[in-house]
Amino acid sequence: MSRRSSAASYISLLSLGATSNGSKGAGIGHLGFWLDDRLRYKGALLFSDLNLDFYSLGQVSLNRPVEFNLSGPVLFQQLMKRHGDSNWFYGARQLYREVHLRYAGSRQIGRVPPAAVDLVASYIEQDITTSGLGLVLEYDSRDNPLGPTQGYNYVAHFTRFDDALGSDVEYSALHLQGLNYWGLSARWDLALRVQYDSASGDRELPPYVLPAVDLRGISITRYQGEAVLTSEVELTWKWRPRWKFNAFTGVGRAADGFSDLGAASSVSNLGGGFRYLVAERYGFWMGADVARGPEESAFYIQAGSSW
C-alpha cells in the first residue's frame, strides 16, 4: 500500500444513535495514521442502552426470543506497527466492557405465573465486566481504507478475557476476516468478504459475547453460536463521478463449534443501495442500503466502506 500522502493523518468521530425499539447510544472514536503510516491507532469509547432479542441462551435454542436490556460503557483500543516497507502490520488490542444485563420482556408469558418469570429473570440478570487483551496481525494493500476499490485486507486477532485483567468471565475470542476488492472496469467494482468468528470458555458465556452471523438485513443477535462463518459479495456500478449504486448478497452459518459448521443451516440476505462522494480528497462516501434477510428487512445509513 502506498503512503497516505493525500489522506488525513487522523480522523475523529462523534456518533449518536437511536432505534424504534428504544435502543440508544453515543460514542467518540479516533483513527490515527502516524509516522507516515508506520503506526496505526484505533480507539473508541461508547455508551449504549440496547434492547436486544436473543434466540438462544448458552447452547439452547429458543422458540421465542428473549428480550434483554444491555447498558454500560465500552472501551476499545488497537495499536499496530508496519513491518518495514511491507503491507503487513502487527500489534495489540484492548477491549473493556461493563454490561448491566436486565430482562426486558413481558412478565405475562402464557400460563407461566409472573412470579416464576421474575425468579428466572433474577437468575439471568447480572452486572458483568469483560476485559481482554489480544494480538493482531493484518495485511492491507487497499488503495484507500475509507472507500477502497482495489486491494486486499486480511485481519486476524486473538483476544483473551481473563480474571487477571479484571474480567468476570474468562474466555477466548478469535476473529479472521478477508476483504477483497477488484476494479473490473471504469464503471464496475467487485468486493468479497469472508469472515470467521469463534468464542470459547470454561463455562457458559453471556449471550451477548457469542459471535453471530453478520449480514445486512439480519438482526445481529438472530443467529449466534460459538463458531460463525459469514461471506458476502457486493457489486458496484459507478453512475457518475460522485454517485454509485451497489447490490449485495451473502450467506452465513452459526454452530456450537467449528466441526459443526458443515451441518449447520445457512441463512442469506439480499439488498442494494447507493453512495455519494462527500469528500473527494479522502475518498469518503456516504449513502444508504436496504437489505432483506430470512425474517425481516432493514434500512442502513452507511459512512465509508460497507465493511
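Trainee: How many aromatic pairs does the count come to in this structure?

Mentor: Rings of Phe, Tyr and Trp (its six-membered ring) pair if their centres lie within 6.5 Å; planes under 30 degrees apart are stacked, over 60 edge-to-face, and the rest tilted. The count by this rule is 15 aromatic pairs. In the pair of Y181 and W307, the ring centres are 6.3 Å apart and the planes stand at 40 degrees, so this pair is tilted. Y181 belongs to strand 8 (residues 171-183) and W307 to the segment after strand 14 (297-303), so that distant parts of the chain, 126 residues apart, are linked. The model is predicted: local features need pLDDT of at least 70 and side-chain atom pairs pLDDT 80 or more, whereas totals for chains, interfaces and linings use all residues. Residues are numbered from 1 along each chain as its sequence is written, and side-chain values use heavy atoms, with hydrogens and water left out.

Trainee: Which residues do ring pairs link into a cluster?

Mentor: The cluster is formed by W88, Y139, Y152, Y154 and W182.

Trainee: Which ring does the charged end of R222 sit over?

Mentor: A charge sits over a ring if NZ of Lys or CZ of Arg is within 6 Å of the ring centre and within 35 degrees of the ring normal. For R222 the ring is that of Y223, at 4.6 Å from its centre. R216 lies over the face of F248, 3.7 Å from the ring centre.

Trainee: In which sense do strand 6 and strand 7 pair?

Mentor: Strands pair if DSSP finds at least two bridges between them. Strand 6 (residues 126-140) pairs with strand 7 in the antiparallel sense over 9 bridges, and G132 stands opposite F161 of strand 7. Strand 7 also runs antiparallel to strand 8, joined by 11 bridges; there, N153 has L179 as its bridge partner.

Trainee: Is R193 buried or exposed?

Mentor: R193, in strand 9 (residues 188-201), is buried, because its relative accessible area is 3%. Its side chain makes a polar contact of 2.9 Å with that of Q195. Such a contact is a pair of N or O atoms within 3.5 Å; within protein, one must be able to donate a hydrogen and the other to accept it, and residues adjacent in sequence count only if both atoms are side-chain atoms. Beyond four places in sequence, the residues in contact with R193 (heavy atoms within 4.5 Å) include D214, E232 and W307.

Trainee: How many residues has the largest nonpolar core?

Mentor: A nonpolar core is a set of buried Ala, Val, Leu, Ile, Met, Phe, Trp, Tyr and Cys residues joined through side-chain atoms within 4.5 Å. The largest has 17 residues, and those with the most contacts inside it are F68, L70, L101, Y171, L205 and Y208. Strand 4 (60-82) and strand 5 (88-103) each supply at least two of its residues. A second, separate core of 6 residues includes V213, I218, V228 and V267.

Definitions and conventions: Helices (H or I, at least four residues) and strands (E, at least two) are DSSP runs, numbered from the N terminus. Buried means under 20% relative accessible area, exposed over 50%, partly exposed in between (1.4 Å probe, protein chains only).
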